[in-house]
Amino acid sequence: QVQLVESGGGLVQGGGSLTLSCAASMSIFRMKTMGWYRQAPGKGRELLASITSGGNTNYADSVKGRFTISRDNAKAMVYLQMNTLKTEDTGVYYCNTFPRGAYWGQGTQVTVSS
């Protein structure tokens, strides 16, 4: 069963923090580089952060130093700790493999107010 289920989004004030979680089916997750993507209103999905199965990470310049991606290989979970949130971080957040696969979950909405 193919599954990507994102959670943890919500409404937060600028400067606040949120932690997103993604539960993946092992068929998607195992030995794969995983990523968090964001789709801001009126824009396409952009890759924010990725993490290899060995734990090596990469970040987009827009989130570097503020966001931290992590994973639990035993549980097939991926996390995104988001600190110092800005209004421009508003959007729907998705997890997927990197490069992105064809299947997407429903995403989780993050809204940052000023």
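Biologist: What makes Arg38 count as buried or exposed?

Modeller: In this predicted model, the relative accessibility of Arg38 is 5%. Buried means under 20%, so Arg38 counts as buried. The residue is found in strand S4.

Biologist: How do you know that the side chain of Arg38 makes a polar contact, and with which residue?

Modeller: The partner is the side chain of Asp89, at 3.0 Å. A polar contact requires a pair of N or O atoms within 3.5 Å, and the pair of Arg38 and Asp89 at 3.0 Å is therefore counted as one.

Biologist: How far apart are Arg38 and Ala49 in sequence and in space?

Modeller: Arg38 and Ala49 are eleven residues apart in sequence, and their C-alpha atoms lie 9.8 Å apart.

Biologist: Why is Met31 called exposed?

Modeller: Its relative accessibility is 67%. The term exposed applies over 50%, so Met31 falls in that class. Met31 is placed in the loop between helix H1 (26-29) and strand S4 (34-39).

Biologist: Why is Thr84 called partly exposed?

Modeller: Thr84 has a relative accessibility of 46%. Buried ends at 20% and exposed begins over 50%, with partly exposed in between; at 46%, Thr84 is therefore partly exposed. Its place is the loop between strand S8 (77-82) and S9.

Biologist: What makes the backbone of Met31 and of Thr84 worth noting?

Modeller: Most residues other than glycine have a negative phi. Met31, which is not a glycine, has a positive phi of about 60 degrees. Thr84, also a residue other than glycine, has a positive phi near 50 degrees.

Biologist: What makes the peptide bond from Phe98 to Pro99 cis or trans?

Modeller: Omega is near 0 degrees, and the bond from Phe98 to Pro99 is cis. Most peptide bonds are trans. Pro99 is in the loop between strand S9 (91-97) and strand S10 (108-113).

Biologist: What makes S1 and S7 edge strands?

Modeller: An open sheet of four strands has the order S1-S3-S8-S7, with antiparallel pairing. Strand S1 (4-7) and strand S7 (67-72) each pair on one side only, and they are the edge strands. The twist from one strand to the next averages 15 degrees.

Biologist: How do you know that S1 is paired with S3, and S7 with S8?

Modeller: Pairing requires at least two bridges. S1 and strand S3 (residues 18-24) are joined by four bridges in the antiparallel sense, and S7 and S8 by six, also antiparallel; both pairs therefore meet the criterion. Val5 has Ala23 in S3 as its bridge partner, and Ser70 stands opposite Tyr79 in S8.

Biologist: What makes the side chains along S1 alternate?

Modeller: In a regular strand the side chains alternate between the two faces of the sheet. Along S1, Leu4 and Glu6 point to one face and are buried.

Biologist: Why are S9 and S10 called paired strands, and which sheet holds them?

Modeller: Three bridges join S9 to S10, where at least two are needed, so the strands pair, and they run antiparallel. Gln109 in S10 is the bridge partner of Val92. The open sheet that holds them has six strands in the order S2-S10-S9-S4-S5-S6, with mixed pairing. Its edge strands are strand S2 (10-13) and strand S6 (57-59). Neighbouring strands of this sheet are turned by 30 degrees against each other on average, direction ignored.

Methods: Residues numbered from 1 in each chain as written. Predicted model: local features only at pLDDT ≥ 70, side-chain atom pairs only at ≥ 80, totals over all residues. Heavy atoms only, no water. Helix = DSSP H or I, 4+ residues; strand = E, 2+ residues; numbered from the N terminus. Buried < 20%, exposed > 50% of the residue type's maximum accessible area, 1.4 Å probe, protein only. Polar contact = N/O pair within 3.5 Å; in protein donor to acceptor, adjacent residues only side chain to side chain. Axes fitted to C-alpha atoms, helices over the stretch in contact; angles between N-to-C directions.
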